[in-house]
Amino acid sequence: MKQSMKEKISLRLFVVGMISVLLAASLTTALFHRAFTKQIQHDLSITTSDIAAAYEFFSSPSDLARFGSGIRLTLISQDGQVLYESDTDSAMENHLMRPEVQSALEIGQGHDQRTSRTMGYTTYYYALLLDDGNVLRAALDVENLYSIYNEALPAVLISCVLILILSAVLSVFLTRRIVHPIEQMADDLDNIGDKVPYQELEPFARTIQQDQQTRKSSEKLRREFTANVSHELKTPLTSISGYAELIETGIAKPEDIKGFAARIRKESARLLRLIGDIIKLSELDSADGEPQLAAHFEETDLFTIARECVSDLQVSAQKSYITLLCEGSPVKLQADPGLITELCTNLCDNSIRYNRPGGKVVVSVQDTPEGAVLSVQDNGIGIPPEHQQRVFERFYRVDKSRSKATGGTGLGLAIVKHIAMLHGAKISLSSTPGEGTLIRVLFPHTK
């Protein structure tokens, strides 16, 4: 089971609090130990210097006994022999190799500390070289930090437990304060842009808003597409059903049956074209943003495809009394030949349908610094400015009566738009009513 955001934040805050306590305790202990040691050494050096100043007035080393209040004094000769020890009258071993004595003989003073873990104390030593060549050493036994911690351990443990409990409570409280606005934001995704509690969540909120807008737009397009498909399918099916019923019931005159059959065939052909375009558009929709799902790219000559399209549509152009030409030069690009053929065919077919008898359609292919350009220009009826931005929408027709009369499905330019998107191409349209239309498709050079 995945860990919740609240649990993760609470745990991390608790861990941070625990680590902070440990670091603070360690740092405080280190600073205390350092200051404690320096203070003892400083006090011991001052005391020893004061006793040394009075030593020159003593008649014998035993006079040092008067300064033995809590401090152990030792008088050591240059060869390490103990001349006086305040804590005992017994003979003692040679002290020449003691670090503090060595340092005093070399530079005039020395200090050292030695810890007894078993006895629970630390002894601090300070040695000072006297004018007569002897060394005066003062020693102070201090309860070491281990012993101090042993005494303070119960209080330390209680303090740590209280701090950890406080950390846990605060981490839960802070987590709720942090997460609650996010939960409120998630409860109202429709107005998420107005309830962003933290600056870091603004990109996330914008992404959700864009996704919602895209979904709403897609849903709207889907509903419109379904309604349009239903309407477009209903029209030819109604015609086919009506003519068939006239023939079936015998109402149609024998001499009219041939004409009715021709109309049924015409409407059937229109219906098949419509279904084919819907299937093609559905395939392209499923591949938006992922060309590999519907397109098979290979090195393709754009001019060869354009020339073949013009050749295939010559009969259709001649029936409409349109001159269809192809010009340009070979241009290589990475593309799906079948889809590019579909794109070129739809553009040419559109220019033929919306032209006048005696009109002209020119298909050209050029290689420009920006990329390969396929242009289809006609001198037909043109497109009014208010319609130019919408002609690539599904089922959008500028002249519905003319489109139906010529057998158009209203999906040709929508298919062109999707194929261009799959190839990363850009479409531009310029048109003047009564003069004609130019559509350019730019295929950028691939790196």
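This is a predicted model: local features need pLDDT of at least 70, side-chain atom pairs count only at pLDDT 80 or more; totals for chains, interfaces and linings use all residues.

Biologist: Let me begin with a pair of strands: which residue in S9 stands opposite Cys326?

Modeller: Residues are numbered from 1 along each chain as its sequence is written, and side-chain values use heavy atoms, with hydrogens and water left out. The general idea is that strands of a sheet pair through backbone hydrogen bonds, in either a parallel or an antiparallel way. Here, Cys326 stands opposite Val363 in S9, and S7 and strand S9 (residues 360-367) pair in the parallel sense over 6 bridges. Helices (H or I, at least four residues) and strands (E, at least two) are DSSP runs, numbered from the N terminus, and two strands count as paired if DSSP finds at least two bridges between them.

Biologist: What is the order of the strands in the open sheet that holds this pair?

Modeller: The order is S7-S9-S10-S12-S11, an open sheet of 5 strands with mixed pairing. Strand S7 (323-328) and strand S11 (426-432) are the edge strands, each pairing on one side only. From one strand to the next, the twist averages 10 degrees; such angles run from 0 to 180 degrees between N-to-C directions, and axes are lines fitted to C-alpha atoms, for helices over the stretch in contact. Helix H8 packs on this sheet and touches S7, S9, S10 and strand S12 (436-444), with its direction making about 25 degrees with that of S10.

Biologist: How should I read two helices that pack together, and at what angle do H8 and H10 do so?

Modeller: Two packed helices are described by the angle between their axes and by the distance between those axes. Helix H8 (residues 337-353) and helix H10 (residues 412-422) pack at an angle of about 145 degrees, with axes 9 Å apart. The contact (heavy atoms within 4.5 Å) involves Leu339, Leu343 and Leu347 among the residues of H8, and Leu413, Val416 and Ile419 among those of H10. By type, the residues of this contact divide into 9 nonpolar, 3 polar and 1 charged, where Ala, Val, Leu, Ile, Met, Phe, Trp, Tyr, Cys and Pro count as nonpolar, Asp, Glu, Lys and Arg as charged, and the others, Gly among them, as polar.

Biologist: Why is H10 described as largely enclosed by the rest of the structure?

Modeller: Helix H10 is described that way because 9 of its 11 residues are buried. Buried means under 20% relative accessible area, exposed means over 50%, and partly exposed lies in between (1.4 Å probe, protein chains only). His418 is one of the buried residues of H10, and the helix is followed by Gly424, whose phi is positive, near 70 degrees. In the protein chain as a whole, buried residues make up 35% of the 447 residues.

Biologist: Is Thr123 buried or exposed, and which side chain does its own side chain contact?

Modeller: Thr123, found in strand S4 (residues 121-129), is buried, with a relative accessible area of 5%. Its side chain makes a polar contact with the side chain of Asp141 at 2.6 Å; a polar contact is a pair of N or O atoms within 3.5 Å, where within protein one must be able to donate a hydrogen and the other to accept it, and residues adjacent in sequence count only if both atoms are side-chain atoms.

Biologist: Is Tyr321 buried or exposed?

Modeller: Tyr321 counts as exposed, at 61% relative accessibility. Tyr321 lies in the loop between helix H7 (314-319) and S7, and its phi is near 60 degrees, a positive value in a residue other than glycine.
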